[in-house]
Amino acid sequence: MKKGFKLLALVFFISLIFTNCKRNNESSSSVIEKIKGEEIAVLTEAPNVPPPITRNYATKVIVNLEVIEKEMEMMDGVTYNFWTFGGSVPGSFIRIRQGDFVEFHLKNNPNNKLPHNIDLHAVSGQGGGAAATFTAPGHETQFSFTALNAGLYIYHCATAPVGMHIANGMYGLILVEPKEGLPKVDKEFYVCQGDFYTKGTYGEAGLQQFDMDKALKEQPDYVVFNGKVGSLTGDKSMKVKVGETVRLFVGNGGPNLVSSFHVIGDIFDNVYVEGGSLVNHNVQTTLVPAGGSAITEFKCDVPSTLILVDHSIFRTFNKGSLGMLKVEGEEVKAIYSGQQDDRIYQSEGAPQSMPDVPKVASKPLTKEEKLIQGKSIYSSTCQACHQADGKGIGGAFPPLVSSDYFASDPSTIAKTIIHGLSGKITVNGKTYDGVMPKQTLSDAQIASVSTYILNNFGNKGGEVTAADVTKLRK
Ligand SMILES: [Cu+2]
């Protein structure tokens, strides 16, 4: 009895030391301010962020966040039962000021099937709020906290099985602006990476189920920005003008992978390392840990399409972690010239090829499904060379637009993909003498992308089946 008491006293004493350590840190002890007024937090869906905070005092901020379980697209033609904070993946962006007193309301939509909660990494307190917010469907819970530390923080669900709740999309970012605010920039965006594990392989059409085995092995089928392949490409690209400064609030929900975040075609002038107060300069690639963040800032000096990637690069070109930021405006030739010449250079060696991947067996797709799947295969696999509009690049990559090369025999496209192509060819009266490496796609994927090309880019239609492709391989 007496011994037990001593032990308890010791534990209490040690915990006191630790609490004191924390309080000695200047950034948290000087934070508790007088709270003036009250406001309801503006929440936004990625890639948008709420407006910068202009207050120079602490206030009471009421956050209302609703958990919604719903089927959404993971890729065109592929759906998944996502669990979301606020109806989207990543969850709603929350923006507050250091010193703010936050009254947090977590609502679990009555149509949901499961209980959920929230662990905000911006919270100093038990579980980051997890225990206080364990919420059954059709309930609402509430707790409060003071935002002691400035920084960009991940929040996520922490209900068992935690990995599965996160893997289904339950994460987002909360920004605690420092008291003095962040330096002014022209545009701000919210980008959050996540890895997803499905029973079917990448691109397999239809509603996909969560795959626990793949999650345990940390072998995702999808690695995406903002919850979907293509969420930031084409029409959905982020847009800025030449000369503007951009700030990206980058998060990584995981659950497993660490991101090597990079923007192709620019350099980060500033990186708030791991979302904290340390600012590094002139950075090419910054690590964003699972359950962590980074803030990157850069000036867009010349017109171009900047490509956001996880530089663990197979994830980008084969699993989806690719986004675009279009910089529009006048060229600045002194900074970037564009191509100045293109001469023929021949060297020894056979056409390159990539190792074969196992073929995926699945039920035949309808023509409609093929067109959808084909479009996304085109943009992830062919577009880099043949260009988004299919017009190719003069002298290097032949056009697929109204191409007379495959007009008389539609299976030519599939043959080209299976075997690759090199040597002199003539397309629409122009000669090309390049090398197209053979592309590692399944028969079904080749059928889809062939069908997509035949029915787009001014070509005269037609359909290729997976069975046709299988025969062509022999
Ligand atoms: Cu949950």
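# Notebook: pocket, sheets and single residues

I began with the second largest pocket, which holds about 940 Å³ of space. The model I am reading is a predicted one. I listed the lining next and counted 28 residues. Thr233, Gly234, Met324, Ser379 and Gln383 lie nearest the centre of this pocket.

Which element gives the largest share of the lining of the second largest pocket? I found helix 6, with seven residues. Helix 6 spans 367–386. Strand 20, helix 5 (314–318), strand 21 (322–328) and helix 6 each supply at least two residues of that lining.

**Entry: the whole chain**

I then stepped back to the chain totals. The chain has 474 residues, and 46% of them count as buried. I noted nine helices and 25 strands. The accessible surface comes to about 23,500 Å². Carbon and sulfur atoms own 56% of that surface. I also looked up how far along the sequence the contacts reach. Among contacts with a separation of 6 or more, 69% are between residues 24 or more positions apart.

I followed strand 15, residues 259–264, in more detail. Strand 15 runs antiparallel to strand 20 (residues 304–310), and four bridges join the two. Strand 15 is also antiparallel to strand 18, again with four bridges.

Which residue of strand 20 is the bridge partner of histidine 262? I read off valine 309. On the strand 18 side, histidine 262 stands opposite threonine 285. Phenylalanine 261 has aspartate 310 of strand 20 as its bridge partner.

Is strand 15 mostly covered or mostly open? I found it mostly covered, with five of its six residues buried.

**Entry: strand 8**

I turned to strand 8, residues 151–156. Six of its six residues are buried, so the rest of the structure largely encloses this strand. I sorted its residues by direction. Gly151, Tyr153 and Tyr155 point one way. Leu152, Ile154 and His156 point the other way. Residues of both sets are buried.

Side chains in a regular strand alternate between the two faces of the sheet.

How many bridges join strand 8 to strand 9? I counted six, and the two strands run antiparallel. Strand 9 covers residues 171–177. Within this pair, leucine 152 has leucine 175 as its bridge partner. Strand 6 (residues 119–120) is joined to strand 8 by two bridges, also antiparallel. There, leucine 120 stands opposite tyrosine 155.

**Entry: glycine 292**

Glycine 292 sits in strand 19, residues 292–299. Its relative accessible area is 12%, which is why glycine 292 counts as buried. I set aside neighbours within four places in sequence and listed the contacts of glycine 292: Ile154, Val250, Gly251 and Asn252. I also noted glycine 275, which is 17 residues from glycine 292 along the chain. Their C-alpha atoms are separated by 7.4 Å.

**Entry: arginine 343**

Where does arginine 343 lie? I placed it in the loop between strand 21 and helix 6. Buried or exposed? At 64% relative accessibility, arginine 343 counts as exposed, because the cut-off for exposed is over 50%. Glycine 395 is 52 residues from arginine 343 in sequence, and the two are 9.2 Å apart, C-alpha to C-alpha.

**Entry: helix 7**

My last stop was helix 7, residues 411–419. Helix 7 is mostly covered, with seven of its nine residues buried. The buried ones are Ser411, Thr412, Ile413, Ala414, Thr416, Ile417 and Ile418.

Which elements do the buried residues of helix 7 pack against? I listed two strands, strand 22 (421–422) and strand 25 (435–436). I also listed two helices, helix 8 (443–454) and helix 9 (466–473). Just after helix 7, I noted that glycine 420 takes a positive phi of about 80°.

Methods. Residues are numbered from 1 along each chain as its sequence is written. This is a predicted model: local features need pLDDT of at least 70, side-chain atom pairs count only at pLDDT 80 or more; totals for chains, interfaces and linings use all residues. Side-chain values use heavy atoms; hydrogens and water are left out. Two strands pair if DSSP finds at least two bridges between them. Buried means under 20% relative accessible area, exposed over 50%, partly exposed in between (1.4 Å probe, protein chains only). Contact means heavy atoms within 4.5 Å. Accessible areas come from the Shrake-Rupley method with a 1.4 Å probe; for residues, only the protein chains shown count as cover. On a 1 Å grid over the protein atoms alone, a cavity is a set of points where a 1.4 Å probe fits but cannot get out, and a pocket is an open set with protein on both sides within 12 Å along at least five of seven lines; lining residues have an atom within 4 Å of a point. Grid points are joined across faces, edges and corners, and a volume is the space filled by probe spheres set on the points.
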